[in-house]
Structures are given as structure tokens and as C-alpha cells.
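Morning, everyone. I have one structure to walk you through today. Please take a look at it first.

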Amino acid sequence: MRMLFSIGAVLVAGVLAGGDVAGIAAPGPKFEPTRHQPQRQAADGDAQSVDVELILAVDVSYSMDMDELAIQREGYAQAIQSKEFLQALKAGPNGRIAVTYFEWAASNDQKIIIPWRLIDGPETADAVATEIMRTPIRRASRTSISGAITFAMPLFDEDPYHGLRRVIDISGDGPNNNGSPVTLARDAALEKGIVINGLPIMVKEPSYSTMDIDNLDYYYEDCVIGGPGSFVITIKDREKFKEAIRTKLLMEVAGRTPERPVTRVAEKDKEPRVSCTIGEKIWSDRWGR
């Protein structure tokens with residue numbers, strides 16, 4: 001089942017083992033801890049086990065302005081260092097996660113910024129945040145969500161850690177307009193047991209000069225995300241950018257799902273609310289290729 005959230009309307013709340021997750025945002029629906037959660041494993045017994053293998057796939061296409069790219073970078077770095085993130089981390093059965101961070105644009109343009117890193121406390125969290133912030137910001141042409149998913153899948157095979165869950169976290173401000181159809185890449189990932197979550201960025205009004213579309217959140221919900229407990233957090237307010245990133249990471253680390261999931265048109269036997277090839281059509285109509 002898939003969930004859709006709007007930052008500023010629905011955000012993480014609840015109690016994690018060892019303390020409250022407070023100060024995240026306005027009150028939202030309560031979240032339940034994963035049932036039958038295994039006991040924390042001893043580090044000496046299984047040093048390679050982690051609660052989640054998390055791939056952060058970040059859009060750097062030209063439709064993202066430099067201010068958005070900077071806020072995005074800062075948002076991920078600050079979220080990883082936050083008190084709430086570290087509380088969620090320690091509440092897991094292993095108390096550690098593996099994370100890698102790459103930037104993407106066209107179908108053949110992906111750049112790993114952070115190779116697989118273990119985060120198991122403040123020191124490793126600070127080290128990953130520092131790596132994220134010290135890399136120069138870049139921009140590139142086209143938007144290939146399918147290329148990002150396809151690039152991400154084999155990264156799990158290279159990960160030296162073994163997670164209870166495998167998650168690809170896709171952020172972006174437009175639909176797929178390059179590479180293979182996004183639904184083919186999504187379905188290939190789901191067949192491997194990978195969960196895909198989304199962070200659609202909708203802080204600008206759609207215009208002819210950009211590939212932004214109305215209802216990008218519906219597009220992400222119906223065409224991009226998938227897997228058990230998958231969700232979308234939508235950013236419609238630039239001021240909520242960092243807050244949304246932190247909320248999303250907390251949910252992914254804690255492996256939490258809403259108490260009352262929102263039913264969306266996402267089943268394979270139903271038509272998506274926004275065409276899954278809308279990006280390709282807009283590109284073809286404007287530039288004839």
C-alpha cells in the first residue's frame with residue numbers, strides 16, 4: 001500500500017524507543033512502530049547488519065535553481081545530524097543504517113557524492129553530513145527518474161552491509177522526460193523487493209520554460225513510488241524544504257507507516273491520475289525529439 005503526504009499537513013509524530021520524536025513539524029497522524037520488531041542484534045555477532053540500506057537519489061537538473069539545490073544539500077546534511085534522526089536510528093533493531101547519496105539528471109548522468117557509509121551514531125552522522133556539504137553543487141540537463149532508479153538498483157549489490165529493508169529515495173521537481181519509461185524502471189525495482197519513496201518538489205509555478213507540471217505529487221504517487229509502506233512527501237513551500245527532508249528520513253530510518261493510510265489510485269488495474277509519459281510528451285511537443 002502506498003501513502004501520500006503533504007508537508008505542512010501530515011508529518012511524523014509519535015514515540016520512538018528511547019525518547020520522543022519532537023519538534024519535527026505541525027501535528028499529524030500518529031505512526032505505529034513496526035510490529036514484531038526483532039531485538040537489537042549484538043554488534044560483535046553481526047557487524048554487517050543494518051536496519052535499512054538507503055539510497056538518496058537527488059535531482060540536479062536545470063529546472064532546479066541554485067538556491068533550491070543549496071537548500072536541498074543543507075536539508076539532507078542537517079537531517080542526518082539532527083537529534084530526531086539519531087533517536088530514530090537508535091530505536092531500530094540494529095541501531096545503524098547504510099546510506100549512499102548520488103545526484104542525477106539525464107539517463108546517463110549520475111554522480112555518486114557519498115559512497116556507501118555506515119551511520120551508527122553522532123560521529124558517523126557528522127562525517128556523512130560533512131561529505132555532503134563539501135562537494136561543489138552542480139546542475140545538468142534533462143530529467144530521467146528511470147535512469148536514477150536503474151542506476152540505483154545495482155548499488156545494493158555493491159553495499160557491504162545487509163539491511164532489513166532496501167529503499168530508494170527519489171527527489172525531483174519534474175516528471176521523467178529522458179531514458180526508458182519510468183514505470184518500467186519502477187517495476188523492475190519492485191520485483192527485487194526494493195521500496196521506492198518520493199519527494200516531489202513543487203515550490204514553483206509550472207511554466208513553459210520548465211518541465212514542471214501540475215499535480216507532480218500524483219505523478220510520483222502513481223508512476224514513481226512503490227513497495228510495502230512506500231510514500232510521498234510533497235514540498236509546496238520553499239520554507240518547508242528542510243523540514244520535509246528531515247521528516248522523510250525519519251520515516252525511512254524508523255520504517256514507519258501511517259495509522260490511517262490514504263488510499264490512492266496506484267494499483268496496476270487503474271489508470272494513473274497523471275499520465276506516466278507526460279514528461280516525454282511535453283519534451284517532444286516543445287523540441288520535437
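Predicted model: local features only at pLDDT ≥ 70, side-chain atom pairs only at ≥ 80, totals over all residues.

Residues are numbered from 1 along each chain as its sequence is written, and side-chain values use heavy atoms, with hydrogens and water left out.

Cores first. A nonpolar core is a set of buried Ala, Val, Leu, Ile, Met, Phe, Trp, Tyr and Cys residues joined through side-chain atoms within 4.5 Å. Buried means under 20% relative accessible area, exposed means over 50%, and partly exposed is in between (1.4 Å probe, protein chains only).

The largest nonpolar core here has 38 residues. Tyr76, Ile80, Phe85, Tyr101, Ile119 and Leu249 have the most contacts inside it. Which helix gives the most to this core? Helix α8, residues 241-254, with seven residues. Helices (H or I, at least four residues) and strands (E, at least two) are DSSP runs, numbered from the N terminus.

There is also a second, separate core of 34 residues. Ala98, Phe102, Ile149 and Tyr161 are among its members.

Now the loops. Arg142 is not a glycine, yet has a positive phi of about 70°. Arg142 sits in the loop between α3 (122-134) and α4 (145-152). Its relative accessible area is 22%, so Arg142 is partly exposed.

Asn215 is not a glycine either, and its phi is positive, about 60°. Look for Asn215 in the loop between β9 (195-200) and α7 (216-224). Asn215 counts as partly exposed because its relative accessibility is 36%.
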